[in-house]
Amino acid sequence: MLTPPSDGMFAALLEAVPDAMVCTAADGRVVLVNAQAERLFGYERAELIGQRVEMLVPDTARAEHPSHLAMYPADPQHRPMGAGLALAGRRRDASTFPAEISLSAIDTGEGILVAAAIRDVTAQLQTKDLERASESQERFIYAVSHDLRAPLRALSGYSGVLLEDYGGVLGEEGRSYAERIVAVSEQMRDLLDYLMQVSHLSRAELHLESVDLSAEAARIVEEIQRREPDRRVRFTIQQPVPARADSGLIRTVLENLLDNAWKFTSRQDDASIEFGTAPNEDAAVCCYVRDNGVGFDPAYEGKLFQPFQRLHAARDFPATGTGTGLASVRQIVELHGGRVWAEGAVGAGATFYFTLDEKEST
Amino acid sequence: MTSRTILLVEDNPDDEALTLRAFDKSNIHNKVVVKRDGAEALAYLFPGEGEGEGDGDDAPTPALILLDLNLPKVGGLEVLRRMRADERTQMIPVVVLTSSKLEEDVLVSYRNGANAYVRKPVKFSEFTEAVKALGVFWLLLNEPVPSVAPKLGLR
């Protein structure tokens, strides 16, 4: 490697810049480069100094470049090069890479140098491509789950018509098959609703506001009790639990957790369900929903929050859904920057935790 | 009351069959005219205009229009917009009955002058209930627009 040019400070500064730097004199010849430029373009310093800067410009843009370069000193402000154009650099092996280049003029006292800071943006472009691909995938999932509703409505509908209008002809067995079609259609509707929610949620913006979680929990509990007024369950709700959250989404979280607690305590004589907060180092708010129901095998804790997973057979708990409730919970909580986990044991109840509003983000 | 026509704009034959049956089962025996795309619906509402099969008769005034959004040729939102821009159909109650729950569809429907927006339930019993409720509300409970209104120049 050659010794850096005279002015030590300037050279040191040039080396400290994270971008590749190429300084050009008014005649378009390279005067200075830094190590990052050597690495980026694959040339040694000695091979660049004194050469025309066009050797770093892809063939397609090379012919134009000298005229652009000549115009720069007329309006020598710091600015991105080729605004709105897709720029590229040319490596020694003639390969090219997408680049972001910003220009500034440096008055050295012996004439003006044009300094170009060059950044390889391959990774950024790939990220953008990935984002675009995932967005179009989400849109596809949404469209499919939407379109599948129509045939599903027909399935449920005609089975319902069979039951209502031809129940007598069908006989008991025939009716039970038609009833199963209706029930399965409903399950599939829930799955489609989940898919729609998932595809939509990742795009939806959160509308954060101050929410009293215990007030929400109390409202949900009231609704649940109204559905099965004969069940006796002791509810304990800590008050108040203020948080910053998207009120609609956080309601879905609480609904799912409290619904589960209600469902899985259905065989308990002295069922109790508790909503409260626990101390937590990482988050501003850490809530839990605890029940003394059937619990779960901790070995499967990780599976709890995965979509379409159920730990209890539909036969044992007919009201059990499609295994998407806790997956929704996790998605929403993570969207809020929090996390979810569960503690429990078979026959010893379950506690579901979620955090909100991580401290570092406030 | 049975003389008051319902216009059902629906391209899905299954939804059509289930809707007609739901009316029937709910003892709503009004005449139901079915149009299977937006262009057909516009030709029916504005006879003699465009490529419609118009015969120069007065434009019909259905007592209620159930309008799907996703329709062949001319979409539901465009049908709605054209209806609201015309004095003859400006005040006819329009209920958007669709699978979509996109916020944007709901918003544009109301902006274009929909009187209600109902998402078609998948579950058979809920679907039947929804159709019945719409029929009962718009044909029996709701006070219709007086037929003299256009002559008075009311808007």
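Helices (H or I, at least four residues) and strands (E, at least two) are taken here as DSSP runs and are numbered from the N terminus. The structure is a predicted model, in which local features need pLDDT of at least 70 and side-chain atom pairs count only at pLDDT 80 or more, whereas totals for chains, interfaces and linings use all residues. Residues are numbered from 1 along each chain as its sequence is written, chains are lettered from A and ligands numbered from 1 in the order in which they are written, and side-chain values use heavy atoms, with hydrogens and water left out.

In chain B, the elements follow one another from the N terminus in the order β-α-β-α-β-α-β-α-β-α-α, which comes to six helices and five strands. With buried defined as under 20% relative accessible area, exposed as over 50% and partly exposed as in between (1.4 Å probe, protein chains only), 49% of the 155 residues of chain B are buried. Contact is taken to mean heavy atoms within 4.5 Å, and of the contacts in chain B with a separation of 6 or more, 63% are between residues 24 or more positions apart. By the Shrake-Rupley method with a 1.4 Å probe, where for residues only the protein chains shown count as cover, chain B exposes about 7900 Å², of which carbon and sulfur atoms supply 51%.

Chain A contains eleven helices and 13 strands, and 39% of its 362 residues count as buried. Among the contacts in chain A that join residues at least 6 apart in sequence, 59% are between residues at least 24 apart.

Helix α1 of chain B (residues 13-25) was examined together with its surroundings. The expected span of a helix is 1.5 Å times one less than its number of residues; for the 13 residues of α1(B) this gives 18 Å, and the end C-alpha atoms are 18 Å apart, which agrees. The N-terminal end of α1(B) is capped by B:Asn12, a side-chain oxygen of which lies 2.8 Å from the backbone nitrogen of B:Asp14, while B:Asn27, which follows the helix, has a positive phi near 60°. Within α1(B), the buried residues are B:Asp15, B:Glu16, B:Leu18, B:Thr19, B:Arg21, B:Ala22 and B:Phe23. These buried residues pack against β1 (6-9), β2 (32-35), β3 (64-67) and α5 (124-141) of chain B, and also against α7 of chain A.

Helix α7 of chain A spans residues 149-201 and includes A:Glu186, which is partly exposed at a relative accessible area of 22%. Although A:Glu186 and A:Ser156 are 30 residues apart in sequence, their C-alpha atoms are 7.8 Å apart in space.

Helix α8 of chain A (residues 213-227) has 15 residues that should span 21 Å at 1.5 Å a residue, and its end C-alpha atoms are 21 Å apart, in agreement with this value. Its buried residues are A:Leu213, A:Ser214, A:Glu216, A:Ala217, A:Ile220, A:Val221 and A:Ile224. Because they cover an arc of only 150° around the axis, they lie on the same side of α8(A), the arc being that of the directions from the helix axis to the C-beta atoms.

In helix α9 of chain A (residues 247-263) lies A:Arg251, which is buried with a relative accessible area of 19%. Not counting residues up to four places away in sequence, A:Arg251 touches A:Glu216, A:Arg219, A:Ile220 and A:Glu223. The side chains of A:Arg251 and A:Glu223 are joined by a polar contact of 2.9 Å, a term that denotes a pair of N or O atoms within 3.5 Å; within protein, one must be able to donate a hydrogen and the other to accept it, and residues adjacent in sequence count only if both atoms are side-chain atoms.

A nonpolar core is a set of buried Ala, Val, Leu, Ile, Met, Phe, Trp, Tyr and Cys residues joined through side-chain atoms within 4.5 Å. The largest such core has 38 residues, and those with the most contacts inside it are A:Leu213, A:Leu258 and A:Phe354. The elements of chain A that give it two or more residues are α8, β9 (242-246), α9, β10 (272-277), β11 (283-291), α11 (325-335), β12 (340-344) and β13 (350-358), and α9(A) gives the most, with eight residues. Leaving aside neighbours within four places in sequence, the contacts of A:Phe354 include A:Leu213, A:Ile250, A:Leu257, A:Val285 and A:Val340. A second, separate core has 22 residues, among them A:Val33, A:Ala37, A:Phe41 and A:Leu87.
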